[in-house]
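Please keep the structure in view while reading.

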Amino acid sequence: MHLLETRGLTHTYRGDVRALEGVNFVAGRKSRIAIIGPNGAGKSTLFKHFNGILKPTSGEVLIRGGEPITNENVREVRKFVGIVFQNPRRPDLLPTVEQDIAFGPINLGLDEATVAHRVEEALRLLGIEGLRERVPHHLSGGEKKRVAIAGILAMEPQVLVLDEPTAGLDPPGVADLVRFVNRLPEEYGMTVIFSTHHLDLVAEMADYVYVMDKGRVVGSGTVGEVFARPELLARTRLDVPPIPKLIRSLQENDVAIDMAYTYEDAKKAFLEAYARRR
Ligand SMILES: Nc1ncnc2c1ncn2[C@@H]1O[C@H](COP(=O)(O)OP(=O)(O)OP(=O)(O)O)[C@@H](O)[C@H]1O
Ligand SMILES: [Mg+2]
């Protein structure tokens, strides 16, 4: 069953700005999906259609196996699809991080004990227990990002959408995020959809990739399929990460080694190639 689907989705902003044109997108259960494309490709606009923040100019957005988003179910839809936006979601009005994270679950009408439990879980998963008493407004950019993710996570959506989640995170912060996101499908049955300008993040955190350019999906496939199409990657204007670049160049020099995209897979491929030689 498709948890989330768009069919022929087109969006024109006021002033005749065509941001999306005929986008077909599907996300199944427990998937890890990356959306890549240059600035202005339409990634954030697409995300805003996933829970009814924007309405299609034409085409449709369907959830839970074919249900269209309407005024009647939009509240339900927002429980189902949680989005962490590229820019902070609302002004920081709440006095502590803990209360900030509780805001969403309270709005869902959950009882106090459940809210407290979810806030704890979210703080723990993001590794920000130490920030609980802090004033959200005073946090650093990367800390704010983690709090924003925790706030959405505490609403326990089936689909978690992260718009450029690593922007502003330091390298250990990125590594933590990758570990955290990769636990969500198996342990929590969630589907994760994210946008990024880093292909190494795609390799580490996605199974399936959509490539967007000028409001259209110009290609899609598994990570391996997309990385194997240099002409497609060129359209994203992203750098091919060092690992597949190095392995491709070794293959071109007749070294018998399997392609890999992540550090762990590359290590395995190198060790296997080495063992075969001896
Ligand atoms: N509120 C708006 N009003 C008018 N045009 C908009 C609005 N928001 C976005 N656009 C335009 O729509 C197009 C797609 O923008 P969008 O923010 O979806 O791109 P993006 O892929 O998320 O880019 P980035 O990588 O910079 O985040 C751009 O041409 C942008 O200028
Ligand atoms: Mg964007």
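Helices here are DSSP runs of H or I with at least four residues, strands are runs of E with at least two, and both are numbered from the N terminus. The model is predicted: local features need pLDDT of at least 70 and side-chain atom pairs count only at pLDDT 80 or more, while totals for chains, interfaces and linings use all residues. Residues are numbered from 1 along each chain as its sequence is written, and chains are lettered from A and ligands numbered from 1 in the order in which they are written.

The axes of α4 (residues 112–126) and α5 (residues 141–153) come within 9 Å and cross at roughly 140°; axes are lines fitted to C-alpha atoms over the stretch in contact, with angles from 0 to 180 degrees between N-to-C directions. Ala-122, Leu-123, Leu-125 and Leu-126 of α4 meet Arg-146, Ile-149, Ala-150 and Leu-153 of α5, where contact means C-beta atoms, placed from the backbone, within 7 Å.

α5 also packs with α3 (residues 97–107), at an angle of about 40° and with the axes 7 Å apart. On the α3 side the contact is made by Val-97, Asp-100, Ile-101, Phe-103 and Gly-104, and on the α5 side by Val-147, Ala-150, Gly-151 and Ile-152.

Turning to the ligand, 13 residues surround ligand 1, the closest being Tyr-13, Ala-19, Lys-43, Ser-44 and Thr-45 (C-beta, placed from the backbone, within 6 Å). α1 supplies the largest share of this shell, three residues.

Terms used:
Two residues are in contact if their C-beta atoms, placed from the backbone, lie within 7 Å.
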